[in-house]
Amino acid sequence: MSDPKLDLNNLNREEYERWLDKVQLPSPAKRQTECWHWLGSTRGGRGKGGQYGQFWRGKPDYAHRYSFEIHYGPIPDNYEVDHVCKNRLCCNPWHLRILPRRSNRRRVSHRKEVKWGGGTTKN
Ligand SMILES: [Zn+2]
């Protein structure tokens, strides 16, 4: 996957700054390798992997999904964002990748959430 890059033309600055405010960024030298810990509220994922960062942006969404979208673009339908680092609270775009939902399904309730991040509603 190519390097993450913010699409400044399509970025909602207010939203982005609100998100960034809750992310613990590593020092620049370690920005790519270390996890970006989410400091905001969390939800879901009661299994052994722990919870996901929650980010409200007019609709319930996940902090790592938001990170993926602003750095790589919309998440295609039926794909979900996977943490390569296995840290669910991580928002580091270098640690995120998308997988077809079927191969990474953890909970049946995720089915509902598929619609949230769909690529069709965002300009
Ligand atoms: Zn990470």
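Trp56 stands opposite Pro60, a residue of strand E5. This pair belongs to a predicted model. Strands E4 and E5 pair in the antiparallel sense, over 3 bridges. They are part of an open sheet of 3 strands, ordered E3-E4-E5, with antiparallel pairing. Its edge strands are E3 (42–43) and E5, each of which pairs on one side only. Strands of a sheet pair through backbone hydrogen bonds, in a parallel or an antiparallel sense.

The protein holds 3 helices and 7 strands. From the N terminus on, these elements run α-β-β-β-β-β-α-β-β-α. The protein has 123 residues, and buried residues make up 22% of them. Among contacts with a separation of 6 or more, 46% join residues 24 or more positions apart.

The average pLDDT of the protein is 84, and 77% of the residues score at least 70. Among the elements, E1 has the highest mean pLDDT, 98. Helix H3 (residues 110–113) has the lowest, 49. Over residues 107–123, pLDDT stays under 50. For that stretch the model has 18 contacts beyond four places in sequence.

The largest nonpolar core contains 13 residues. Ala63, Tyr66 and Cys91 have the most contacts inside it. Strand E4 (52–56) and helix H2 (63–72) each supply at least two residues of this core. The largest share, 3 residues, comes from H2. In soluble globular proteins, nonpolar side chains tend to be buried together.

Helix H2 is mostly covered, with 7 of its 10 residues buried. The buried residues are Ala63, His64, Arg65, Tyr66, Ser67, Phe68 and Ile70. What covers them includes helix H1 (13–20) and strand E2 (37–38). The cover also includes E4, strand E5 (60–62), strand E6 (79–83) and strand E7 (96–100). After H2 comes Gly73, whose phi is positive, near 110°.

His64 lies in helix H2. This histidine counts as buried because 25 other C-beta atoms lie within 10 Å, and the cut-off for a buried residue is 20 or more. Leaving out residues up to four places away in sequence, His64 touches Tyr52, Gly53, Val81, His83, Cys90, Cys91 and Leu96.

Thr33 counts as exposed because it has 11 C-beta neighbours inside 10 Å, where the cut-off for an exposed residue is 12 or fewer.

Thr33 and His95 are 62 residues apart in sequence, yet 8.1 Å apart in space, C-alpha to C-alpha. His64 and His95 are 31 residues apart in sequence and 9.6 Å apart in space, again C-alpha to C-alpha.

Methods. Residues are numbered from 1 along each chain as its sequence is written. This is a predicted model: local features need pLDDT of at least 70, side-chain atom pairs count only at pLDDT 80 or more; totals for chains, interfaces and linings use all residues. A nonpolar core is a set of buried Ala, Val, Leu, Ile, Met, Phe, Trp, Tyr and Cys residues joined through C-beta atoms within 7 Å. Helices (H or I, at least four residues) and strands (E, at least two) are DSSP runs, numbered from the N terminus. Two residues are in contact if their C-beta atoms, placed from the backbone, lie within 7 Å. Two strands pair if DSSP finds at least two bridges between them. pLDDT is the predictor's confidence in each residue, from 0 to 100.
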